[in-house]
Every structure is written in C-alpha cells, then in structure tokens.
Amino acid sequence: MALIRVEHVDKSFQSRHGSIAIMQNISFEVRDSDFVALVGPSGCGKSTLLRLIQGLDHPTDGEVYFRNQKVDGACGQMAMVFQSFALFPWLTVAQNVGFGLEALGWDPDRIRTQVDRYITVTGLDGFQEAYPRELSGGMRQRVGLARALSVEPAVLLMDEPFSALDPLTAESLREEVLQLWQDPALPPDAVLLVSHNIEEAIQLADRVIVLSRRPAHILADVAVDLPRPRDRKSAAFYDLTDKVYSLITEGGSPTASAGPPTPSAPG
C-alpha cells in the first residue's frame with residue numbers, strides 16, 4: 001500500500017491578472033521504504049507540491065492521500081525539514097526539538113526522554129541549552145532534523161535542506177540522513193526530498209521525479225538503480241545525471257515513467 005498517493009493534482013493561484021497555473025495533472029506514489037527526490041526548474045512548484053502533500057495547502061483540483069485517507073489539513077504523520085532552518089530563536093535546542101511534542105500534548109517526562117533520544121541521534125549532545133544564534137548552519141539544520149524526527153513521522157519531507165550549507169557540512173548531513181532512513185529502528189518509513197541539485201538527488205534517492213517548467217507536469221520517474229555508497233565519478237552516475245539534466249533543460253512533453261509504473265513529478 002502506498003504511504004502517499006498524489007492523484008491528478010492541479011494548483012493555481014489568483015492574481016490581479018487572473019489565474020496562474022503552477023502545476024497540472026501531477027500523479028505519483030511514495031511507498032514504504034522509498035527515498036524519492038523531486039527535481040525541476042526553479043519556480044516550477046516543488047515546494048508548493050510538498051505543502052500540498054502535507055496538507056498545509058489545498059489543490060485546486062485532484063487529491064492527495066496518506067495511507068488511503070484523503071489529506072484534508074495538516075497531516076500529523078508527516079514532518080518537514082526546511083531550507084531556512086525555521087527554528088524559534090528564543091527557544092533552546094532542547095525546547096526547539098520538543099516543540100512539536102508539546103503541541104501534541106505529551107507529558108513533560110515523555111517529552112524529555114524523546115528529546116534526549118533525538119538530540120543524541122542527530123549529534124547534538126552537549127548543545128541542549130544552546131540557542132540557535134550560537135550554532136553554525138549545519139548544527140541548526142541538525143536541530144530542524146531532530147525536531148522533525150522527534151514526532152516519529154512515517155514520511156519525512158525535506159525542502160532543499162542542504163542548500164544553505166557549505167559543501168562539506170551538506171555532504172556530512174546527506175550521509176547522516178541516509179543512515180537514519182536505512183535504520184529500521186528509527187523513523188521515517190519514507191523520505192520525499194525536494195532538491196535543485198541533480199547530483200544530490202541521484203546520490204540520495206532511489207527514484208527521481210522530474211518536473212517540467214511551470215505549469216509543472218511530470219516528465220519522468222527515473223529509477224536510480226545504483227549500489228550504495230554511490231560513486232559520483234562512475235560512468236553510471238554520470239549517465240543518470242546527464243539524463244535528468246537533459247530532461248529538465250529540454251523540458252519536453254510528459255513521458256511514460258522510466259522507473260516504477262506510477263507517474264511522478266519533480267519539484
């Protein structure tokens with residue numbers, strides 16, 4: 001059974017000049033144990049699509065389902081990691097990580113245990129009482145990751161989470177996210193990543209969904225059938241990178257899926 005099912009989703013916004021179509025007829029699935037990346041030109045609606053999937057916004061047409069239930073409002077089984085960290089500057093690391101648990105009404109002892117667990121998992125030991133302004137960008141993103149994981153989501157949504165980091169920090173965090181996803185004792189069951197970096201998408205994901213320019217439609221759902229750890233210098237890695245790059249830059253008509261039989265879209 002699919003964790004997420006996106007069915008024929010359209011999204012438009014109203015402006016002074018009329019309706020602006022952002023995406024049209026987007027359909028794909030995310031299943032248990034999937035790591036899926038959404039890629040596409042800047043401004044094609046990748047981040048908007050994540051918001052629609054989590055239920056923070058509503059499609060103009062079409063439906064989003066989580067475990068066969070229509071998403072109608074924020075879905076508590078999904079958690080988001082943002083590009084901009086989105087931390088509360090007046091809260092400590094521990095308070096930021098526990099914020100979502102307080103909103104769920106957990107008792108203080110249970111929150112403390114859960115916060116300690118995910119602070120350890122994300123390498124934040126010793127920084128519990130620090131404030132975001134005292135942390136590097138990489139450490140702040142670890143706080144965002146710990147906060148998302150602490151609610152133990154079935155699906156982790158990641159909106160360009162590494163793009164604001166220096167290359168070495170970004171690479172370290174990519175590897176840590178992979179390790180978390182591969183550990184059956186830890187959430188999430190699946191990851192849906194928005195990225196503007198094609199190499200990053202192919203390094204991390206098992207499927208890359210490629211979106212066209214706006215109004216976005218699905219160009220391909222590309223299977224990444226490469227062993228881990230992936231060698232960026234290999235011919236197979238280069239060929240896949242070139243394939244996805246060509247799809248985006250040429251921006252052709254929607255094609256049949258190049259991976260699983262379900263249609264897909266990048267963001």
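Predicted model: local features only at pLDDT ≥ 70, side-chain atom pairs only at ≥ 80, totals over all residues.
Where is Asn 68? It lies in the loop between β4 and β5. Now look at its backbone: phi for Asn 68 is positive, about 70°, and Asn 68 is not a glycine.

Arg 67 isn't a glycine either, and its phi is positive, near 45°. As for accessibility, Arg 67 has 34%, so that's another partly exposed residue.

Okay, on to the peptide bonds. Most of them are trans. Here, though, the bond from Arg 214 to Pro 215 is cis, with omega near -5°. You'll find Pro 215 in the loop between β9, residues 207-211, and β10, residues 218-223. Then there's the bond joining Arg 228 and Pro 229: that one is cis, with omega about -5°. Pro 229 sits in the loop between β10 and α7, and α7 covers 235-250.

Last stop, Asp 57. Go to the loop between α1, 46-54, and β4, 61-66, and there's Asp 57. Which residues does Asp 57 touch, leaving aside neighbours within four places in sequence? They are Lys 11, Phe 13, Arg 51 and Leu 52. With Lys 11 there's a polar contact, side chain to side chain, at 3.3 Å.

Technical notes. Residues numbered from 1 in each chain as written. Heavy atoms only, no water. Helix = DSSP H or I, 4+ residues; strand = E, 2+ residues; numbered from the N terminus. Polar contact = N/O pair within 3.5 Å; in protein donor to acceptor, adjacent residues only side chain to side chain. Contact = heavy atoms within 4.5 Å. Buried < 20%, exposed > 50% of the residue type's maximum accessible area, 1.4 Å probe, protein only.
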